[in-house]
Amino acid sequence: MSVAPRISVEEALAIESRLEIIRPKVRTHPIPTGQEKLLGDVYLRDIVKNIKDCQKGGGSPERTLLVIGKAGTGKSFALQHQFRQIPEFQPRRNESNELKTPLISFEADRPCGAISLGNGILKAMGFPYNPDERKPGRLFETVKALLVERGVLVLHLDEAQHMFRHKTDDAVQEVQDRLKSLQQIPNWPLHIICSGVDELSKLTGTEDEQLGRRARVMRYERLNFPGDKAEVAKVLTTTTELCDLRVPTELLEDDFLGRLVQSSKGGFGRICSAVQQACFRAIELGRSEVTKADFSRNYQRKYGCLPADNIFEVKNWQGIEPRFALADITPPKKKR
């Protein structure tokens, strides 16, 4: 086992100062994938086009986009990055110096009820809201008026599966009805983007004319190996470059890339995080390159696995599931 070189207190302080600069830069640096390009160039651009068509009286009724994918696939990060790339979505002031915000984005409460939805929209627009409000009808009349006043044309609701986290079907239906009503503002082509995990797919099974049947759906898939090898390698090379580190040849070989995908369950966001944490550790230890040991140590600390279950260490890693890392201490379920 290699021993990390000892560093002085002064060196440690200098390293931490360097990391305080590097960490935010690396974590916010986009690494676009083929999926993100499809999201921006096709799905979001189609929304821009349809808004213009609606304003001319000939838009499509498909004004809802559902972006559905497993946790950790990077869909939320990709959406926010693409939102910033689209000129039509950027805040601006009109000739009267009034602020217009064509797009607002916020995360849904859990559960997301009608009141929390309305208050979330007000908060995202920067308006005061009343957490004790009990009359959704009155609340949404205010919300609709302010959406038009502020010039909001796209509403993004992240973690939208929270609309289904209610004890009764009536509560679920109410929040969907209120969301639908926002697309019925006279002469106002509001488009809605809902992003979330698989549970969000329930929305496509509804008879709702505005949301379920008038929605487009983009699946945000996990990466697979070896099909997405190039994109995984890109994460490694881009992140190490941002950290001013070298990446050894062995980490770009199929065996390691496969382990990285398996350890992150194919989630692009998780792969990015794993590489970032490994690079940060290498910097902390005063090294100039990231190593397999950095990934192994971070995987063990994240999942608490035994050495025999560490994907970065064992020979037969293909069958290891990270979610079962604590199976040895989890009590078995009692049979009924």
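What covers the buried residues of helix 9? The legends below answer this and visit a few other spots. This is a predicted model, in which local features need pLDDT of at least 70, side-chain atom pairs count only at pLDDT 80 or more, and totals for chains, interfaces and linings use all residues. Residues are numbered from 1 along each chain as its sequence is written, and side-chain values use heavy atoms, with hydrogens and water left out.

**View 1. Helix 9 and its cover.** Helix 9 spans residues 268-284; helices (H or I, at least four residues) and strands (E, at least two) are DSSP runs, numbered from the N terminus. With 17 residues, helix 9 reaches 24 Å from its first C-alpha to its last, close to the 24 Å expected at 1.5 Å a residue. That expected span is 1.5 Å times one less than the number of residues. Look for the buried residues of helix 9, among them Phe268, Ile271, Val275 and Phe280. Here buried means under 20% relative accessible area, exposed over 50%, and partly exposed in between (1.4 Å probe, protein chains only). Their cover includes helix 1 (9-28), helix 7 (229-242), helix 8 and helix 10, where contact means heavy atoms within 4.5 Å. Just after helix 9, find Gly286, which takes a positive phi of about 75 degrees.

**View 2. Cysteines without a bond.** A disulfide is a covalent bond between the sulfur atoms of two cysteines. The rule used here asks for a pair of cysteine sulfur atoms within 2.5 Å, and by this rule the count comes to zero disulfides. Cys272 counts as buried at 11% relative accessibility, and Cys279 is buried with a relative accessible area of 0%.

View 3. The structure holds six aromatic pairs. Rings of Phe, Tyr and Trp (its six-membered ring) pair if their centres lie within 6.5 Å; planes under 30 degrees apart count as stacked, over 60 as edge-to-face and the rest as tilted. Phe256 and Phe295 make an edge-to-face pair, 4.9 Å centre to centre with 75 degrees between the planes. Phe256 lies in helix 8 (residues 254-263) and Phe295 in helix 10 (residues 292-303), so this pair ties together parts that are 39 residues apart in sequence. Phe256 is buried at 3% relative accessible area, and Phe295 is buried at 2%. Phe256 also forms a tilted pair with Phe312, 5.6 Å centre to centre and 40 degrees between the planes. Because Phe312 lies in the segment after helix 10, this pair ties together parts that are 56 residues apart in sequence. One aromatic cluster is formed by Phe256, Phe295, Tyr299, Tyr303 and Phe312.

View 4. Ser116 lies in helix 4 (residues 114-125). A polar atom of the Ser116 side chain lies 2.8 Å from the backbone nitrogen of Gly113. Not counting residues up to four places away in sequence, Ser116 touches Asp109 and Pro111.

**View 5. Helix 3 under cover.** In helix 3 (residues 75-85), the buried residues are Lys75, Ala78, Leu79, His81, Gln82 and Phe83. Among the elements that cover them are helix 2 (34-55), strand 1 (64-69) and strand 4 (103-107).

Notes: A polar contact is a pair of N or O atoms within 3.5 Å; within protein, one must be able to donate a hydrogen and the other to accept it, and residues adjacent in sequence count only if both atoms are side-chain atoms.
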